[in-house]
There are 2 protein chains.
Amino acid sequence: MTATGRPELRLSGERFRATYVVAGDEQAARACADAIAIEQTLEFSPDLVGRPDIIREILGRVEMVRPLGDGRAEVTLSYAAESAGGELTQLVNVLYGNSSLKPGIRLVEVALGPGLLEAFRGPRFGRAGLRGLVGVFDRPLLATAVKPMGLDPAELAALALAFARGGIDLVKDDHGLADQPFCRFEARVTAVAAAVARGSVESGRRCLYAPNVTASPATALARARFAKAIGAGALLVAPGLCGWDTVRALAAADEVALPIVLHPALLGPLHLDPNHGIAPGVVYGLLARLAGADAVVFPSFGGRFSISSADCREIVTATARELLGIAPCLPMPAGGLTLARVAEFVRFYGPESMLLVGGDLHRHGADLAATVRRFAAAVEGG
Amino acid sequence: MTATGRPELRLSGERFRATYVVAGDEQAARACADAIAIEQTLEFSPDLVGRPDIIREILGRVEMVRPLGDGRAEVTLSYAAESAGGELTQLVNVLYGNSSLKPGIRLVEVALGPGLLEAFRGPRFGRAGLRGLVGVFDRPLLATAVKPMGLDPAELAALALAFARGGIDLVKDDHGLADQPFCRFEARVTAVAAAVARGSVESGRRCLYAPNVTASPATALARARFAKAIGAGALLVAPGLCGWDTVRALAAADEVALPIVLHPALLGPLHLDPNHGIAPGVVYGLLARLAGADAVVFPSFGGRFSISSADCREIVTATARELLGIAPCLPMPAGGLTLARVAEFVRFYGPESMLLVGGDLHRHGADLAATVRRFAAAVEGG
């Protein structure tokens, strides 16, 4: 019993760990870790709590402080598994919610225990499932997008037909294709799905079409159902725009049951500042898998976005890190990749990847199917 | 007709404007603006499009480049209203989706036209509606939170009762209270709502209770319905955790029809870097109102978070900026405010605000109702 006469908190004892990189020498880092411990749990001065059991169980625990020798330190905290309440929103909240409003604190690693992970189903297909769907087991998958915004459904379908004929594994909508009056979602998805099906028959290989269903939660689910009914083979969704739990709801919808491809729109601020935010591996690896992504598009080095090859390596590692039964997802480097550099990307990313080449496929002549075959040859040769 | 024989795009001609601060001198800024124009719309090389009408209508238009004299420049672009497709997700995507993945680009201002704004209902109550609910018209509203995580429903209810007895205008859940096994959502909301109702009767003034409903979209809506049925007077929700459209769905739910209070958890990375992300006024003003927030909690200067008074001023201005019929929302400075500094905050924020004092209310003796009366007196005196 506590001093107030109430029974003490009785928790499982399972804790999850979060590692942050913080600014400052060892002493400053320790003070920062103590502040994180409070901010992420009690958000209340421990001396005012008057309940030793709450201090012991709920208050974040500083498990380690390790100076990095460059004016920063790594600090590891642990939190009661129960504080996450079995919800992704609250898990992320405990990991970084309020501390995200302070400078000089970056979440770089997360380790979750079995009790907490039970709440998460993860990817429905994962790497192996995706490979099974397209029948490709020994090389990187090939992907591209239909665009630009402004084309009508028939024009986008013509592009998709050529890509599928050429033997590409996945055609996604550009993430800027939503439900605009000049290209309605249902008309587009109907036309492109039919084109991809026809192209697959002609090539003799199954190509997946991933329409963009990013929207409000209810609309995203309605679009996913429509996409499923009309024969789409996957879904594209941007958690930065619609929230991670909207992705999770799409992945969990048994009546949809399509592979989920994540798009990184608006996720830049979450990971771009090396001294703040959340490390790319946590975003595109852990969060993506907890949300149920089967493949995750991310800006690759060597394109028009700003990300180091070390960050890309970290993402790749995180997409397959052991996570107690939660399947690995397929990393999908993108953002200005060119055919000329495909061999280099194949060497870097290895076979467990899906290479997304967009605009550059249009730079090699009008016969897009032939260009896809060149893309495939470059991947095989890489 | 276009060269491909298709009818030309016919759009309304309405465009919305976005202003970015970018790194570089005038020439570099112009190149950056051109890159943003492509990235946010076509995501495709204009020379490959072959459709002059798409280039003319869909491609972002650089309207202005203005060097700031400090190695940065302000660039204003316009986009076709139709490219946003009437959806908040796609509007944000066009404004900043992919460009968020590049360094040195910050979205600082947005101007939307009437056709686009028609899709947004905005706050159901707004400042005036909130004031009407609590019957306070001439001073800042007073708010606090029940916490810490770890207390059970009866303990939280006891705190809420004291706050309401003291005459506080709004009691919110700490944003870390979700549906943990040691404090279930329904038990907590039932107990706290009853306590706030009783305290309101005793004080003779209406106090609103805002339970935290942040969760997956479906769960958030279910919790909001429960909260409404049990007598809660408002809802707390964190868009950084659950997505802006989950907020919008809560605000739009006619069977709920409760004021929406936004919490800033996980929004830090969106606005903290002065050379990247989205300016606080756009986040806590424009986006909050488009999502339907009636009040918006943000980290104030003078507390434990890192934000300048200039940023706070920008937020306050943005919560009331003319937005074609979309109601202003009430700015709710928070994050370590103390009674000792209330007068200063009243001077800075003026009457059109809601001051959120949390932990400090517990630092002035055991009689929390008396402390709330001191809080009220300090606000009246300020």
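**Cavities, pocket and interface**

Modeller: The largest cavity has a volume of about 270 Å³. Keep in mind that this is a predicted model.

Colleague: Which residues are closest to the centre of that largest cavity?

Modeller: A:Gly240, A:Leu266, A:Leu270, B:Gly240 and B:Leu266, out of 19 residues that line the cavity.

Colleague: And which elements supply at least two residues of its lining?

Modeller: In chain A they are α9 and α11, and in chain B α9 (239–242) and α11. The most comes from α9(B), which gives four residues.

Colleague: What is the lining like by class?

Modeller: The lining of the largest cavity has 15 nonpolar and four polar residues, and no charged ones.

Colleague: How many cavities of 30 Å³ or more does the structure hold?

Modeller: Eight.

Colleague: What about classes in the pocket lining?

Modeller: There are 19 nonpolar, eight polar and 11 charged residues in the lining of the largest pocket.

Colleague: Now the interface. How much area is buried between chain A and chain B?

Modeller: About 6,500 Å², with carbon and sulfur atoms giving 63% of that. Chain A puts 82 residues into the contact, and chain B puts in 82 residues.

Colleague: How many salt bridges and polar contacts across it?

Modeller: The rule finds 12 salt bridges across the interface of chain A and chain B. A:Glu39 and B:Arg304 meet through their side chains in a salt bridge, at 2.7 Å from N to O.

Colleague: Which elements of chain A give two or more residues to the side that touches chain B?

Modeller: Helices α3 (88–96), α6 (153–165), α8 (217–230), α9 (239–242), α10 (244–252) and α11, along with strand β10 (277–278). The largest share of that side, six residues, comes from α3(A).

Colleague: And the classes on that side?

Modeller: The side of chain A that touches chain B has 35 nonpolar, 29 polar and 18 charged residues.

Key
Residues numbered from 1 in each chain as written. Chains lettered and ligands numbered in written order. Predicted model: local features only at pLDDT ≥ 70, side-chain atom pairs only at ≥ 80, totals over all residues. Heavy atoms only, no water. Nonpolar A, V, L, I, M, F, W, Y, C, P; charged D, E, K, R; others polar. Contact = heavy atoms within 4.5 Å. Buried area = accessible area lost by both parts, 1.4 Å probe. Salt bridge = Lys/Arg side-chain N within 4 Å of Asp/Glu carboxyl O. 1 Å grid on protein atoms, 1.4 Å probe; cavity = no way out; pocket = protein on both sides within 12 Å on 5 of 7 lines; lining within 4 Å. Points joined across faces, edges and corners; volume = space filled by probe spheres on them.
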